[in-house]
Amino acid sequence: MDISPEPGWDRLIRFLRVEQGIVMLLGETDSGKTTLARYIVESLIERHLPVALIDSDIGQSAIGLPGTISVKIFRHHKDLEDFGCERMTFLGFTNPATVTPLMVDMTRYMTLIGRRRAGVGVVDTTGLVTGKLGKVLKIAKIRAIRPKHVVAIQKENELEEILSLIREAKIHRLRVSSVAKRRSAAARRAYRKRKLQDYFKTGSQCERIFDSKDVQFLYRGRPFFLGEKEMPDGAIIGLNHDNNTLALGVIKGIEGRSVLLQAPLRSLRGINRVVSGDMTMA
Ligand SMILES: Nc1ncnc2c1ncn2[C@@H]1O[C@H](COP(=O)(O)OP(=O)(O)OP(=O)(O)O)[C@@H](O)[C@H]1O
Ligand SMILES: [Mg+2]
């Protein structure tokens, strides 16, 4: 991908080298948040500064899978070759409106992991910034992760209401790039589908059965008992050890307390939570 840096980007990088910490990117969909995140990562590792990328965009994840929040630490140029994640947590939804409190909690969780392992942690976010929900979501995230820097990428003044509520972070205002391209809803759905298909294509795909008495089932962060919620064939689940999703799986059938699933895992050892949501392979 050819990135054309905008005025202000290199000044931001100079700032981040000196005042390291968490940087949260804010902007509408297609405003260039992920492109800027990538530019920050490339620029800092070129200067030998390790940087964590925390991808909290559950709809259009760049390093993680759809429906997940993820983190990767970049140290060397070769880390850029595989823009995949190191740790992820599956939420089960791709629409932030459906799962706001869990999303805020898990963004905090992944940000803490990133911050412990790199001087700079860049938090990429969803494009939900307008309306009451956008405002509530972004302010809740800011309070949860307490960024040192907030980078606002605006066309006009669409983020000013949110920015007016920020007390502690340094705000950097940037313009949406003239080369930023819009993607249709269909293109976004296709992106998610492709990522999931690629994920389930690679590695060994084993069919596993586990007994639901061995694991806790969670939906939007709340426990439920197998049978209380519908988990149709084709539903995507997260196979977790605590908050960490070790793999995604696809439901192949449920009989009594046994779940038959397909997942790129050799063993289900260590799995103590199964996260379900509204995502399917259909
Ligand atoms: N400075 C830039 N140089 C080159 N391409 C850019 C630039 N800014 C944005 N684009 C292009 O515009 C499109 C949207 O940018 P990007 O994906 O970074 O936006 P986003 O804000 O992360 O969107 P979303 O909210 O959907 O995640 C992409 O195709 C990207 O390659
Ligand atoms: Mg993005």
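Where does ligand 1 sit? In this predicted model, ligand 1 sits in the largest pocket. The paragraphs below go through its surroundings, then the wider span of the chain.

The shell around ligand 1 holds 21 residues, and those that come nearest are Lys33, Thr34, Thr35, Lys181 and Arg183. Sorted by class, this shell has eight charged residues, eight polar ones and five nonpolar ones. Among the secondary-structure elements, helix H2, which runs over residues 33-46, gives the most to the shell, with three residues.

Several polar contacts can be followed atom by atom. Two of them use the protein backbone: a polar backbone atom of Ser31 is 3.1 Å from an oxygen atom of ligand 1, and a polar backbone atom of Gly32 is 3.0 Å from an oxygen atom of the ligand. Thr35 takes part through its side chain, where a polar atom lies 2.5 Å from an oxygen atom of ligand 1. On its own, ligand 1 has 620 Å² of accessible area, and the protein covers 90% of it.

The UniProt record, an unreviewed entry, lists residues 27-201 as "domain: Clp1 P-loop". In the model, the span of residues 27-201 is 39% helix and 19% strand.

Definitions and conventions: Residues are numbered from 1 along each chain as its sequence is written. Chains are lettered from A and ligands numbered from 1 in the order in which they are written. This is a predicted model: local features need pLDDT of at least 70, side-chain atom pairs count only at pLDDT 80 or more; totals for chains, interfaces and linings use all residues. Side-chain values use heavy atoms; hydrogens and water are left out. A residue is near a molecule or strand if one of its heavy atoms lies within 4 Å of it. A polar contact is a pair of N or O atoms within 3.5 Å; within protein, one must be able to donate a hydrogen and the other to accept it, and residues adjacent in sequence count only if both atoms are side-chain atoms. Accessible areas come from the Shrake-Rupley method with a 1.4 Å probe; for residues, only the protein chains shown count as cover. On a 1 Å grid over the protein atoms alone, a cavity is a set of points where a 1.4 Å probe fits but cannot get out, and a pocket is an open set with protein on both sides within 12 Å along at least five of seven lines; lining residues have an atom within 4 Å of a point. A molecule sits in a cavity or pocket if more than half of its atoms lie within 2 Å of its grid points. Helices (H or I, at least four residues) and strands (E, at least two) are DSSP runs, numbered from the N terminus. Ala, Val, Leu, Ile, Met, Phe, Trp, Tyr, Cys and Pro count as nonpolar, Asp, Glu, Lys and Arg as charged, and the others, Gly among them, as polar. UniProt positions are given in the numbering used here, feature names are shortened, and annotations may be inferred rather than shown by experiment.
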